[in-house]
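Thanks for coming. I will go through one model this morning, a few places at a time, and then finish with totals for the chain.

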Amino acid sequence: MLAVHGLGVSDGIAIGKAFVLRQEQLDVPEYNVLRGQVDAEVARFTGAVQAARAQLDSIRNHIPANAPPEAASFVQTHLLILDDRMICVAPIDTIRRKLHNAEWALKAQAERLVDMFERMDDPYLRNKKVDVQQVVDRILRNLLMLDHDHHTHVRAGEIVVANDLTPADTVILKHHRVRAFVTDLGGPISHTAILARSLGIPAIVSAHSVTRYVRHGEELIVDGKRGIVLVGSDARTLAEYRVRRKRILEERRALNRLRTSPSITSDGERIGLHANIELMSDVKAAVSARADGIGLYRTEFLFMNRPEPPSEEEQYRAYVKVARAFRNKPVTIRTLDLGADKQVDGGRAGNAQVAVNPALGLRAVRLCLNDTALFRPQLRAILRASAAGKVRMMIPMLSSQDELFQVLDLVDETKTELKRAREKFNPRIPIGGMIEVPAAAVSADLFAPYLDFFSIGTNDLIQYTLAIDRVDDAVNYLYDPLHPAVLRLIRLTIDAGRAARIPVAMCGEMAGDPRYTRLLLGLGLTEFSMHPARLLEIKQIVRASRASTLARAANRILKARSALAVHAAADALNDGKAA
Ligand code: PEP
Ligand code: MG
């Protein structure tokens, strides 16, 4: 039996067969063919192209009916690329003229194309090179008679083991009802980890070299809480884990009984528990957990796995659906947060692919203000959806007042356009800002007069405060929500919100982590937003807490003179020594 250790990012125990996704570099042979073999070589090439077309068709046909439309769009893009003469005809000329073997001819043509894309000014087209490479890779695999371990072949109940997964991959895998994820790379607050958590299935990231140790079809035990993957377990271990899995399921059932209980501390403080959603399919989970509303709707997922951004109409329909599902409860729609690790086709993710440091680059509100053709349809769609429910708009990654003013001007212009077109919308739609850049936290009092609410994005706030790239597993060990600097910034934001009498919520992962609930209550946080799977556990803690006692404890923790002391005090709080 072999144990591989990583970072558990989503609790639970899964037992199932491994589906190993390999993304290794292909070894492409280069040789000349004899003149007499040219026709056969051309036929080999066209056969591989036809096989690629059949595979893409099959993938398209196997995408479940309830998958979002964006899941199918990437297949359409790949089919279009495959049919382009530059891909399916140009290599044939090379085979005939230079007597190169099919793989060599295709590889040389692909290099020319990628080079051409890289020199393009338009960042959207520049990003297209990734699709070209993937299509070329597919044809090459057919020529080399290699397997396509593509995620669309994953079967329900399998455990996906991969080097890394993009958020877009995860969206597709989500529809295959996989049982768990394990990746070589990744951090606890990468968007892929967040998405995995929202599935409510165990997930482990940063399990170095797990793809080397695990073979396809091997039975695995994934312990998401401890961050351990067991390969080739004996009967006794399997039996133990089955018992533990049963116990966890029983605990979850017990938590379910809290669904209708109010979220109030023992001394009567009402605490709002909201849900974070990425896709329409998350709405059901949020409704079933009886969330007080949607505290964060990550709209960028509407833009993934598709060649073009969604139209205003498509966005409007998606937003209205969520607003209607929650009727009288607030639905906080965040404007696009593309760029950095959230790369998409349809979103023109800025220059992130080539940026030296994408997390500090043209991302989120910066990208939207730089590309208003992308931003305006979303503003229109959100405003129009505000006529259908209690919709709120939230701006990510604000770092300067000036950015906020530019957004507010665009919103005003959009309102005037809609009025002229006699479109309905809520003229007083609440507009909030995410506090996730240290500059915004430190100067939250300067933003407050212009905003209706704050929401603290601890994932980015921690990334930027501690200077740790959230997707770089080499610096994972520095990730610490209890770092005194982080706690001080949270306190500053809550105080600024209180002084300006605007609500302060938190929608980063910290809000859904039971280890921090008591401390956050003590710091005065009254609105938590998290993936729906976490909501009842947090409610259980809220109901067992006394806000006034926690406030005194939090004040003491803020005065601690070291991170170690903060951790010890937070542990004591969780052990019931101060609540
Ligand atoms: C955050 O940064 O905490 C947040 C909620 O936004 P995202 O994780 O989507 O960047
Ligand atoms: Mg963020």
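Alanine 388 sits in the loop between helix H15 (372-385) and strand S12 (390-395). Helices here are DSSP runs of H or I with at least four residues, strands are runs of E with at least two, and both are numbered from the N terminus. This is a predicted model, in which local features need pLDDT of at least 70 and side-chain atom pairs count only at pLDDT 80 or more, while totals for chains, interfaces and linings use all residues. Residues are numbered from 1 along each chain as its sequence is written, chains are lettered from A and ligands numbered from 1 in the order in which they are written, and side-chain values use heavy atoms, with hydrogens and water left out.

Buried means under 20% relative accessible area, exposed means over 50%, and partly exposed is in between, with a 1.4 Å probe and protein chains only. Leaving aside neighbours within four places in sequence, alanine 388 is in contact (heavy atoms within 4.5 Å) with Val320, Ala323 and Arg324. Its C-alpha atom is separated by 9.2 Å from that of tyrosine 319, 69 residues apart along the chain.

Next, the metal. Glu436 (OE) and Asp460 (OD) coordinate the magnesium ion, ligand 2, at 2.0 to 2.1 Å. The pair links distant parts of the chain, 24 residues apart: glutamate 436 is in the loop between strand S13 (431-435) and helix H17 (438-442), and aspartate 460 is in helix H19 (residues 458-466). Donors are N, O and S atoms within 2.8 Å of the metal, or 3.2 Å for Na, K and Ca; water is not among the atoms, so sites may look incomplete. Both glutamate 436 and aspartate 460 are buried.

Now ligand 1. Which residues come nearest, of the 17 around ligand 1? They are Arg298, Arg334, Gly457, Asn459 and Arg470, where near means a heavy atom within 4 Å. H19 gives the most to this shell, with three residues. Helix H9 (191-198) and strand S10 (294-298), like H19, each supply at least two. An oxygen atom of ligand 1 lies 2.7 Å from a polar side-chain atom of arginine 298. For glycine 457, a polar backbone atom is 3.4 Å from an oxygen atom of ligand 1. Ligand 1 taken alone exposes 290 Å², and the protein buries 100% of that. Areas come from the Shrake-Rupley method with a 1.4 Å probe; for residues, only the protein chains shown count as cover.

On to threonine 211, in helix H10 (residues 210-213). Threonine 211 counts as buried because its relative accessibility is 10%. Its side chain makes a polar contact of 2.6 Å with that of aspartate 184. Such a contact is a pair of N or O atoms within 3.5 Å; within protein, one must be able to donate a hydrogen and the other to accept it, and residues adjacent in sequence count only if both atoms are side-chain atoms.

Finally, the totals. The protein chain has 24 helices and 16 strands, and 58% of its 579 residues count as buried. Of its contacts with a separation of 6 or more, 71% involve residues 24 or more positions apart. The accessible surface of the chain comes to about 24,800 Å², and 51% of that belongs to carbon and sulfur atoms.
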